[in-house]
Each structure stands twice: as C-alpha cells, then as structure tokens.
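Welcome! Please have a look at the model, and then read on.

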Amino acid sequence: MIQVTCALIVDDQNRLFAAQRSESMNLPLKWEFPGGKIEPDETTQECLIREIFEELNITIKIVKDLPTNIHNYPTFAIALIPFVCNYVSGELILKEHAQFKWLHKNELLDLDWAEADIPILHHYLNLINAKS
Ligand SMILES: Nc1nc2c([nH]c(=O)n2[C@H]2C[C@H](O)[C@@H](COP(=O)(O)OP(=O)(O)OP(=O)(O)O)O2)c(=O)[nH]1
C-alpha cells in the first residue's frame, strides 16, 4: 500500500485549498489535497512540507493531524495521511497541477474529488461545523 501525505491548507478566511491533478497524472483531473508519497527516512510531516514546496513553491506550517484514510482503488491501495496546515510564506506557483481553488466550506463538495479524499473532506467539515 502506498503511503501518501496531504495538506488541508486553510487561509485567513477559513477557505480550503483544492488542487486539480493534471491530465498526465494518475487519477487525471481529479481534485485533491496536495501532497505526495513518503520517501524512505522521512517523517510524514517532513514529507508533506517537502511535497508542498515542490508542488506549490510555498512553505506551510502543520497545525493538526486528521485520521488516515485507507482506500482501495481498482489498481492500487493508498493510505492517505491528512494534516490541517496554514500558509507561512512563498509565492504560490503550480508546478504539477492543472489548477487550484480556494473554497468555502459550502463549495467543497461540488468538486470531483479523488475517492480517497472524500472521507477526509467529510471529517474536516464535521470538525469545523462542530466548532461553529
Ligand atoms: N497527493 C495526493 N495524492 C492523492 C490524493 N488522493 C489520492 O487518491 N491520491 C493518490 C494519487 C496518486 O496515485 C497518489 C499520490 O501520488 P503523487 O503522484 O501525488 O505523489 P508523488 O508526487 O510523491 O509521486 P511521484 O511523482 O513521485 O510518483 O495518491 C491526495 O489528496 N493527494
């Protein structure tokens, strides 16, 4: 099973960052939380900070971990390890994705998400709805 970290990056208006995978990637044009596969000898947090810098050219701060979601796609299985994060610095430049959006909570479910992300999105929405 591949271990993949992903970032739920929240801005100061409580919008969440969503990125669309490009046509040439696995799961083409699906929306996801940016991140990537854990390399040997790095922690999940180190992986996520590295991946976000590689993919988006920004530095983030990890705020909180959310429960890992195990998902079986038809051809592979994934353990998707999510973290709530804040933007710290850097100009946002898309290095791999087709496009991105900053979305309010009521807009998030309209996107065509990668299947493994959907339980994570619901967990996040339950958390913030419980707070408000
Ligand atoms: N990054 C990321 N990948 C996801 C998410 N949901 C989901 O099913 N995936 C899948 C898509 C890919 O098959 C796999 C992650 O691969 P990736 O291509 O993004 O990661 P990577 O940059 O480390 O990969 P690579 O180019 O080194 O092969 O996990 C998600 O929210 N974020």
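This is a predicted model: local features need pLDDT of at least 70, side-chain atom pairs count only at pLDDT 80 or more; totals for chains, interfaces and linings use all residues.

## Exposed loop residues

Let us start with Leu 109, which sits in the loop between β8 (99-103) and α2 (118-131). Is Leu 109 buried or exposed? Leu 109 has 12 other C-beta atoms within 10 Å, so it is exposed. Leu 125 is 16 residues away from Leu 109 along the chain, and the C-alpha atoms of the two are separated by 9.8 Å.

## Two loops with positive phi

Next come two residues with a backbone feature to look for. Asn 14 belongs to the loop between β1 and β2. Its phi is near 65°, a positive value in a residue other than glycine. Asn 14 counts as exposed because it has 10 C-beta neighbours inside 10 Å.

Leu 29 is found in the loop between β2 and β3 (31-32). Although Leu 29 is not a glycine, it has a positive phi of about 65°. Leu 29 has 12 C-beta neighbours inside 10 Å, and therefore counts as exposed.

## How the strands pair

Now follow β7, and see which strands join it. β1 and β7 run parallel and are joined by nine bridges.

Strand β5 (residues 59-65) pairs with β7 in the antiparallel sense, over six bridges. Here Lys 64 has Val 84 in β7 as its bridge partner. Strand β6 (residues 69-72) also runs antiparallel to β7, with four bridges between them. The bridge partner of Asn 69 in β7 is Leu 80, and β6 and β7 form a hairpin with four residues between them.

## The nonpolar core

How many residues make up the largest nonpolar core? There are 25, and those with the most contacts inside it are Ala 7, Leu 8, Ile 9, Ile 52, Ile 60, Leu 80 and Cys 85. The elements giving two or more residues to this core are β1, β2 (16-20), α1 (44-56), β7 and α2. The largest share, five residues, comes from β1.

Apart from its neighbours within four places in sequence, Ile 52 is in contact with Ala 7, Pro 34, Ile 58 and Ile 60.

## Around the ligand

Which residues are closest to the ligand? Of the 15 residues that surround the ligand, the closest are Glu 32, Gly 36, Lys 37, Ala 114 and Ala 116. By class, the shell has nine nonpolar, three polar and three charged residues.

Each of β1 (2-10), β4 (35-37) and β7 (77-89) supplies at least two residues of this shell. The largest share, three residues, comes from β4.

## What the record says

Finally, a note from the database. UniProt lists residues 1-129 for "domain: Nudix hydrolase", in an unreviewed entry. Over residues 1-129, the chain in this model is 19% helix and 37% strand. The end C-alpha atoms of that stretch are 32 Å apart.

Notes. Residues are numbered from 1 along each chain as its sequence is written. A residue is buried if 20 or more other C-beta atoms lie within 10 Å of its own, exposed if 12 or fewer, and partly exposed in between; C-beta atoms are placed from the backbone. A residue is near a molecule or strand if its C-beta atom, placed from the backbone, lies within 6 Å of it. Ala, Val, Leu, Ile, Met, Phe, Trp, Tyr, Cys and Pro count as nonpolar, Asp, Glu, Lys and Arg as charged, and the others, Gly among them, as polar. UniProt positions are given in the numbering used here, feature names are shortened, and annotations may be inferred rather than shown by experiment. A nonpolar core is a set of buried Ala, Val, Leu, Ile, Met, Phe, Trp, Tyr and Cys residues joined through C-beta atoms within 7 Å. Two residues are in contact if their C-beta atoms, placed from the backbone, lie within 7 Å. Two strands pair if DSSP finds at least two bridges between them.
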